[in-house]
Amino acid sequence: MNNKRIGLIGCGAMGSALGKGFVQKVGIDPSLIYLYDINKERMQALADELNAQTTENLSELVPHCQHIFLAVKPQDLESVLYSVKDMFNQQQIFTSIAAGITIDYIESCLSYESKVVRLMPNTPCLIGKGTIAISVGENVTSDEQEEVEALLKPLGLTIRLPEYLMDAATGLSGTGPAYVFLFIETMIDAGVSVGIRRDVASEMVIQNIIGSALMLRENDKHPAELRNIVTSPSGTTATALQVLEESGFRHCLLKSVIEATKRAKELRSV
Ligand SMILES: NC(=O)c1ccc[n+]([C@@H]2O[C@H](COP(=O)([O-])OP(=O)(O)OC[C@H]3O[C@@H](n4cnc5c(N)ncnc54)[C@H](OP(=O)(O)O)[C@@H]3O)[C@@H](O)[C@H]2O)c1
C-alpha cells in the first residue's frame, strides 16, 4: 500500500471494525487514515482510539485519499455519493460495504468511469477472523483488486464472488455472526437451565463452537459425517437431534438466510 491515504466515511460498527483492522492488523500508519462521520462524537472516539485524522466535511477527505471506504447505512449512501460527485478523480477507488447497493448504482451516482468495489464483510473482521465477500466493477484493474484484497486479508478470509451473489453473501455471512451469537446465547441459557453456572456454561459453549469449527476445517469432512460419529443409537445426541428436527431447526435457519437475502435486495429500493 506504500503511503496511500485511506478515507473512511461512516465510523459506526463496521466502519470502526475496518478502521481498527487497518491500523491494528494491516499495520497502516494511522496518520494516513482520514475519518468522516456526521456523528462527531463517534468519529472522535475512533480517531482517539486509532490516532487517525478527523475531518470536518467530505471535501477534507475525498480529494486526499486514494482509497475511500463507504461505511454508512444503505439509506444514507445516496446523499454521500452525490456530495462527493464533484470531488473525486477516476484513479480513486471507492469501496462500499452497504448491503444491497449495487456497483452499477454507485457508478451511476459517481460516474460510469469510476472505480468501484463492493464488499460484504462481517463483524469478526474486528479480530482478524472476518469473512469478506468481494466484487469489483469493470473499471477496477486486477492489480487494484489485489491491492484492496491485500488491505482486507488481515481482517479475515476474502472470497471473490460474482456480484449477483452479494445479497446472498449478506444473508449468509454479513448477518451470520448474529445467528451464531443467538445460538451461543441460547446454549448458555440451556446450560444454566440444567444446573451449570452461567460463567462455566459460557466457557463450555464457546469452546464447543471453536472446537467444532476447527474440526470441520482440519478434517475436511462433511458436517453430517462428524455429527454421525457422535450420535450413538438411542443415545443423548440422537434424542437431542430428534427434538431439533421436530422443532424445525433446519427450516428456521434456511428461512432466516433466505429472508435476510431478500431483505438485502429490498434495501436497494429504501
Ligand atoms: N453491522 C453489520 O454487521 C454489517 C455487516 C456487513 C455490512 N454492513 C454494512 O455496513 C454499513 C454500515 O453499517 P453499520 O452497522 O456500521 O452502521 P452504523 O453503526 O449505523 O454506522 C454508520 C455511521 O454512519 C453515520 N452516517 C450517517 N449518514 C452519514 C453521512 N451522510 N456521512 C457520514 N456519516 C454518516 C452514522 O451516523 P448516525 O448514527 O448519526 O446516523 C453512523 O455513525 C451498512 O451499509 C451495512 O449495510 C453492516
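This section describes the fold, the domain arrangement, the nonpolar core, the ligand shell and selected residues of a predicted model.

The protein chain contains eleven helices and eight strands. Its C-alpha trace spans about 70 × 35 × 35 Å along the principal axes. Of the 270 residues in the chain, 34% are buried. Among contacts between residues at least 6 apart in sequence, 65% join residues that are at least 24 apart.

The chain is divided into two domains, with domain 1 covering residues 6-162 and domain 2 covering residues 176-269. The contact between them draws on eight residues from domain 1 and six residues from domain 2. On the side of domain 1 that touches domain 2, four residues are nonpolar and four are polar, while none is charged. The C-alpha centres of domain 1 and domain 2 are separated by 32 Å.

The largest nonpolar core comprises 61 residues, and the members that touch the most others are Leu 8, Ile 9, Ile 33, Leu 35, Leu 70 and Ala 71. Helix 1, formed by residues 13-26, makes the greatest contribution to this core, with five residues. When residues up to four places away in sequence are left aside, Ala 71 touches Leu 8, Ile 9, Gly 10, Gly 12, Met 14, Gly 15, Leu 18 and Ile 97. Two of these partners, Leu 8 and Ile 9, are themselves among the core residues named above.

The ligand is surrounded by 27 residues, of which Gly 10, Gly 12, Met 14, Ala 98 and Ala 99 are the closest. Helix 1 and helix 3 (74-84) are the elements that supply two or more residues to this shell. Helix 3 provides the largest share, amounting to four residues. By class, the shell consists of 15 nonpolar, eight polar and four charged residues.

Gly 10, one of the residues closest to the ligand, is placed in the loop between strand 1 (6-9) and helix 1. Gly 10 is classed as buried because 27 other C-beta atoms lie within 10 Å, where the threshold for burial is 20 or more. Excluding residues up to four places away in sequence, Gly 10 touches Gly 15, Asp 37, Leu 70, Ala 71 and Val 72. Gly 10 and Tyr 36 lie 26 residues apart in sequence, with a C-alpha to C-alpha separation of 6.1 Å.

Helix 7 (residues 176-193) contains 18 residues, and the distance from its first C-alpha to its last is 26 Å, close to the 26 Å expected at 1.5 Å a residue. Helix 7 is followed by Gly 195, which has a positive phi near 105°.

Positive phi values also occur in residues other than glycine. Asp 220 has a phi near 55° and is located in the loop between helix 8 (198-219) and helix 9 (223-229). Asp 220 counts as exposed because it has 6 C-beta neighbours inside 10 Å, and the limit for exposure is 12 or fewer. For Ser 234, phi is likewise positive and near 55°; this residue is situated in the loop between helix 9 and helix 10 (236-246). Ser 234 also counts as exposed, because 6 C-beta neighbours are found inside 10 Å.

Two further exposed residues were examined, Tyr 164 and Cys 252. Tyr 164 occupies the loop between strand 8 (156-160) and helix 6 (166-174). With 9 other C-beta atoms within 10 Å, Tyr 164 is therefore exposed. The C-alpha atoms of Tyr 164 and Leu 226 are 32 Å apart, and the two residues are 62 residues apart along the chain. Cys 252 belongs to helix 11 (residues 249-266). Cys 252 has 11 other C-beta atoms within 10 Å and is therefore exposed. Between Cys 252 and Ala 13, which are 239 residues apart in sequence, the C-alpha to C-alpha distance is 27 Å.

Notes: Residues numbered from 1 in each chain as written. Predicted model: local features only at pLDDT ≥ 70, side-chain atom pairs only at ≥ 80, totals over all residues. Core = buried A, V, L, I, M, F, W, Y, C linked by C-beta atoms within 7 Å. Contact = placed C-beta atoms within 7 Å. Expected span 1.5 Å × (residues − 1). Domains from an automatic or database assignment. Nonpolar A, V, L, I, M, F, W, Y, C, P; charged D, E, K, R; others polar. Near = placed C-beta within 6 Å.
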